[in-house]
Amino acid sequence: MTSKVRQAGRDRSDEPSVERGGAKAKSPRQFLKEIEQMKDDALAGFSEGKFGELRFGDKELRPEDRPQVIALLKAMVYPERIAADILSSRIPLIPDFDFKLRVAEQASEELQHLNILRGMLAEWGQDPDEMWENPLPELVKVFEYVGGLETLAEFFTANFIGESLLLNANLKVMRAVAPEAFSVYLDVSIPDEAKHIQLNREAIMHYATTAEAQDRARLVAGRLLDSFIEGYKAKLRFMAEMAANRANGENAPKAFSPGRI
Ligand SMILES: [Fe+2]
Ligand SMILES: [Fe+2]
């Protein structure tokens with residue numbers, strides 16, 4: 001079951017491989033298509049508003065005066081930072097140089113996104129590390145799961161799902177709904193995330209080549225979809241909570257929930 005097909009010099013991405021014992025793997029391209037479909041089905045749910053919608057408050061106000069904008073940026077500090085840590089710790093386990101290099105680049109780019117977020121928050125008089133120290137538990141769960149995945153096929157599948165949903169259900173929506181609030185961050189992160197997704201696609205086709213690897217990766221894709229949705233809902237709840245605090249006249253940025261974790 002574990003025999004690895006070396007792909008040097010030849011593109012086998014359309015060929016199915018047959019395992020010992022008769023279990024049949026899909027061709028890498030067919031398998032990727034299946035995972036893409038799972039992601040597209042979830043994205044359809046996002047565009048229908050099934051999991052709630054991102055709203056960023058009164059457009060008359062400056063972004064730094066809108067609690068929803070601040071809340072979302074703060075909540076995103078943890079994912080950008082922990083993603084870089086998790087990617088870095090995976091680098092030694094990646095045998096193929098091209099993927100190793102691109103994962104290292106990705107780790108560096110996630111830190112650049114973090115740097116932009118921290119800069120925006122600091123400029124607005126906010127504590128940029130407040131939610132690194134006190135992250136939303138639903139987001140912690142997502143990354144604990146990804147960090148603990150055993151195989152590269154699972155790891156890249158999880159990243160593919162997470163980053164595809166992040167790009168399409170979060171970043172592009174932020175750009176569509178409130179470009180004025182986020183352009184500094186989105187101008188850098190949107191093209192980078194598209195590149196990361198492409199890296200994950202290629203890595204899935206490279207590593208998820210056996211029936212066993214594909215079974216495991218398929219399960220991971222389903223779990224990641226569910227936990228991404230939980231993380232997304234948690235962000236919406238937190239944004240609403242910050243807006244309610246502000247409406248009640250509290251000093252929203254500092255006022256939230258020491259008891260949250
Ligand atoms: Fe990022
Ligand atoms: Fe990314």
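Begin by colouring the protein chain by pLDDT, the predictor's confidence in each residue, from 0 to 100; its mean is 89, and 88% of the residues reach 70 or more. Select residues 1-8, where the pLDDT is below 50; beyond near neighbours in sequence, this stretch has 10 contacts in the model (C-beta atoms, placed from the backbone, within 7 Å). Then select residues 252-261, where pLDDT also stays under 50. Where pLDDT is low, the predicted coordinates should not be read in detail.

This is a predicted model, in which local features need pLDDT of at least 70, side-chain atom pairs count only at pLDDT 80 or more, and totals for chains, interfaces and linings use all residues. Residues are numbered from 1 along each chain as its sequence is written, while chains are lettered from A and ligands numbered from 1 in the order in which they are written.

Next, switch to a cartoon view. The protein chain has 9 helices and 0 strands, taken as DSSP runs numbered from the N terminus (helices H or I, at least four residues; strands E, at least two).

Now select helix H2 (67-90). Of its 24 residues, 20 are buried, meaning that 20 or more other C-beta atoms, placed from the backbone, lie within 10 Å of the residue's own.

From there, display the largest nonpolar core, with 66 residues: buried Ala, Val, Leu, Ile, Met, Phe, Trp, Tyr and Cys joined through C-beta atoms within 7 Å. H2 gives the most to this core, with 13 residues.

Finally, centre on Leu117, among the residues with the most contacts inside the core. Beyond four places in sequence, Leu117 touches Leu73, Met76, Val77, Glu80 and Tyr185.

Definitions and conventions:
Buried ≥ 20, exposed ≤ 12 C-beta atoms within 10 Å, placed from the backbone. Contact = placed C-beta atoms within 7 Å.
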